[in-house]
Each structure stands twice: as C-alpha cells, then as structure tokens.
Amino acid sequence: MRLRDTQKIVLPPTADMHVHLRQGEMMKLVTPSIRRGGVDTVFVMPNLQPPIRTVERALEYKSELQSIEPNVTYLMSLYFHAELTPEIVTQAAKARLAGIKVYPQGVTTNSDAGVVSLDGFDDIFEAMQQHDLVLNLHGEVVGNPAKGLTHEEAFLPTLKSIHAKFPKLRIVLEHCSTAAAIDAVRSCGPSVGATITAHHLYLTGDMSNVDPHAFCKPIPKTPEDRDALLKAATSGDSKFFFGTDSAPHPLASKSAQGKAPPAGVFTQPYATQLVLRAFEDATERGIIAESDVTQEKLEGFFNKFGRGFYKLPDNTANGPKIILERKGEKIPTSIQGEGLEVGISRSGDEVFSLRWEN
C-alpha cells in the first residue's frame, strides 16, 4: 500500500490497549475523544488519585466512563501494589477485570504507590496465571540502571524471569521504546505480547528533551530504536499491537515556565490517524517498505492482535467500520472543556479525516 497516494482506507475499529482517561473534569473532556480517533475498545489504566486498588472501585470507574461514552468497550484494570493478595486477584477475575498494571514506584505520573521491585510476588503471579488475568508491565527499573543501559533495557531480565516461572501467565510489556524490548518480547513464548504507542513511532529522545508536548515515560530513544518499533508494528507479528498510552495533562502544566513538564503525550483524538502518518513518513524515508503496509497488517496491528491477546471476539467481518479519507484535515492545537485545555501531539500536521460507518 502506497500510503502517500492512498485516498481512502476502510478498517475495522481500532482497539487501543493502553489509555489514560483520568478522572473528574479531565475524564469528561478526554473520554469522548476515544471514538474520534477511530477506537471502540480501550484498556483503561488505573493510576488515578488514589489508585484503583479494589474491584469495587474499578467497576465504579467503568460505570463513570460508560455514562460519558457508552459506545466504547472498557477493559478495566487494578493497580499492582504491595498489599495485593491472591484473594483480590480471584475477585478481579470473577468481576471480569482484564488485568493488573505494574507501575515502578515514582517513575511516571501517579506512580508513587507503585512497587520498587517485583521480587516476592510469586503468589500473585501464580494466582493471575490460574485465573488468566493479564499482567501489564510498565517495564522500567527504579533508580539508576547499570551503565550503558536504558531504564527499559535494565528491566528486561525481570520480564524474562517472570515468564520463565509462569509460562502461561499472559504478560504485556507496555509502550516499548527500544529495539532491545522488541527482541526480548520475541524471545518469549506466545503468552507475552507488547503494546506500541503512536508517539514512539515518530518521536526520538532529542525531540522529547526540547518539546514538553513530546515528553513522556518511557522517554523515546534513538532513531534506531524508533525504526525497530516501526518495523515491529508493520511486521504482521501478532505479539505487537496498538496501545496509545495517550496521557492528557492540562496545557498550563505542560507549558509552565521553569518547571519540568509532566510525563505524557496526548494522542487520543487522532490515535489511528497518527499511526498512519508515522507509517507514511517511514515509507518515504525508506525505514519500512511500501509492501510492509498492507490492509492485513493494518487490521492486525490496530485490531486483531490486541483483541486476540485479550481474548475478545473477532469483530472484523460483521462489525462497524472506520473510513479514513484524505481531505486536508490538520490536527488542531488542543481540545478544550470546562476550564481545561489539553494540547494534542503533532498539531498542525495533515492527517486522514475519519468517520464511522455502521
């Protein structure tokens, strides 16, 4: 598929397996933007304030989201914490929660209640394996990694160790940012998958360091790492599927002078379109071949692989479609709500326009 010359693409709805929908007024502002980005299924992150530690709170949060946008399927998760028990895992499974998310303590937004290490939690992993709950890993180490390694690369032995002990435990290495992470996921068995964001397909570390709207965790890395992600996303390998890690922050906090910006890139309203733009740019630079961007591979990365990993029914044949057409649309600077404004990544760039067809 020569994206530059393609005027229209028809796809099944995108499944976004990593979103931050926040709470309060921010939740009310960003939740309606899910479908604007062509998405009808989301895996919701639990790092609210306070974190979602109980099944009751997870279900309450789901109800809040459904009241704002009922035409989205919300896969809910719990926040992995030191007091987590096998009994809570059992309750989560009975309530049909989708996973439990690990945050390294203090590494990213609202992660202060996370864990420093995953040592000593084998009873939790065994219970999750028994009940078939997904373990979602923010794969970075706490503190300074060994010399020459990124925080993500230093975490990869932990991923491999947990997988070796619990080979049937479904594990997602979230928001991969390095070639080493791609290799590590490929080296594991079929129970290990990974999400790739839109923004890690076009950002590099030098961009993240100078643009507060490009600053996120894990920090984008080298052009070679970005290219490895692009190749994985267009490889047709079902281990790799889409998860935006779209993370809204008030524009005022992102742009505050003299303060470090909060970590997060907001892509939700143009989730599908931004990936297509990244693929288009990559084919023009020769990073991926035009033959790597096919209808089948787009459907796999955006829909089938993530839904398959989470054991959701296939909706590609009889479900609704998203229609993407070239109409000269450009990404606006922000979305705005009640006293809130959130900047959108790659504002001013031209992308496909998107509409739904039932």
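This is a predicted model: local features need pLDDT of at least 70, side-chain atom pairs count only at pLDDT 80 or more; totals for chains, interfaces and linings use all residues.
1. The C-alpha trace spans about 55 × 50 × 45 Å along its principal axes.

2. Of the 358 residues in the protein, 58% are buried. Among contacts between residues at least 6 apart in sequence, 74% join residues at least 24 apart.

3. The UniProt record, in an unreviewed entry, places the feature "domain: Amidohydrolase-related" at residues 83–180. In the model, the chain over residues 83–180 is 37% helix and 11% strand. The end C-alpha atoms of this stretch are 32 Å apart.

4. Helix 9 covers residues 223–233, and eight of its eleven residues are buried, so this helix is largely enclosed by the rest of the structure. The buried residues of helix 9 are D225, R226, D227, A228, L229, L230, A232 and A233. Buried here means a relative accessible area under 20%. The elements that cover these residues include two strands, strand 9 (192–196) and strand 10 (240–242). Helix 7 (179–187), helix 11 (271–284) and helix 12 (295–309) are also among the covering elements.

5. Open spaces come next. The largest pocket holds about 270 Å³ of space. It is lined by 18 residues, and those closest to its centre are Y202, L203, M207, S345 and R346. By class, the lining of the largest pocket comprises seven nonpolar, five polar and six charged residues.

6. The second largest pocket has a volume of about 210 Å³. Its lining includes the run R96, L97 and A98, the run H131, D132 and L133, and the run Y310, K311 and L312. L75, A93 and R170 also line the second largest pocket. Seven residues of this lining are nonpolar, one is polar and four are charged.

7. Rolling a probe the size of a water molecule over the atoms shows where empty space is left. A search of the whole structure finds four cavities of 30 Å³ or more. The largest cavity has about 120 Å³ of space. Of the 18 residues that line the largest cavity, H20, T108, K217, D245 and A247 lie nearest its centre. The lining of the largest cavity divides into five nonpolar, nine polar and four charged residues.

8. The second largest cavity has a volume of about 70 Å³. Its lining includes H213, K254, and the residues A247, P248 and H249. G264, V265 and F266 also line the second largest cavity, as do V342, G343, I344 and S345. By class this lining has six nonpolar, five polar and one charged residues.

9. Most residues other than glycine have a negative phi, and most peptide bonds are trans. The peptide bond from Q49 to P50 is cis, with omega near -5 degrees. P50 is found in the loop between strand 3 (39–44) and helix 3 (55–68). The bond from K217 to P218 is likewise cis, with omega near -5 degrees, and P218 is found in the loop between helix 8 (205–210) and helix 9.

10. Two residues other than glycine have a positive phi to note. For R22, phi is near 60 degrees. R22 lies in the loop between strand 2 (14–19) and helix 1 (24–30), and it is buried, with a relative accessible area of 11%. R346 has a positive phi of about 60 degrees.

Conventions. Residues are numbered from 1 along each chain as its sequence is written. Side-chain values use heavy atoms; hydrogens and water are left out. On a 1 Å grid over the protein atoms alone, a cavity is a set of points where a 1.4 Å probe fits but cannot get out, and a pocket is an open set with protein on both sides within 12 Å along at least five of seven lines; lining residues have an atom within 4 Å of a point. Grid points are joined across faces, edges and corners, and a volume is the space filled by probe spheres set on the points. Ala, Val, Leu, Ile, Met, Phe, Trp, Tyr, Cys and Pro count as nonpolar, Asp, Glu, Lys and Arg as charged, and the others, Gly among them, as polar. UniProt positions are given in the numbering used here, feature names are shortened, and annotations may be inferred rather than shown by experiment. Helices (H or I, at least four residues) and strands (E, at least two) are DSSP runs, numbered from the N terminus. Buried means under 20% relative accessible area, exposed over 50%, partly exposed in between (1.4 Å probe, protein chains only). Contact means heavy atoms within 4.5 Å.
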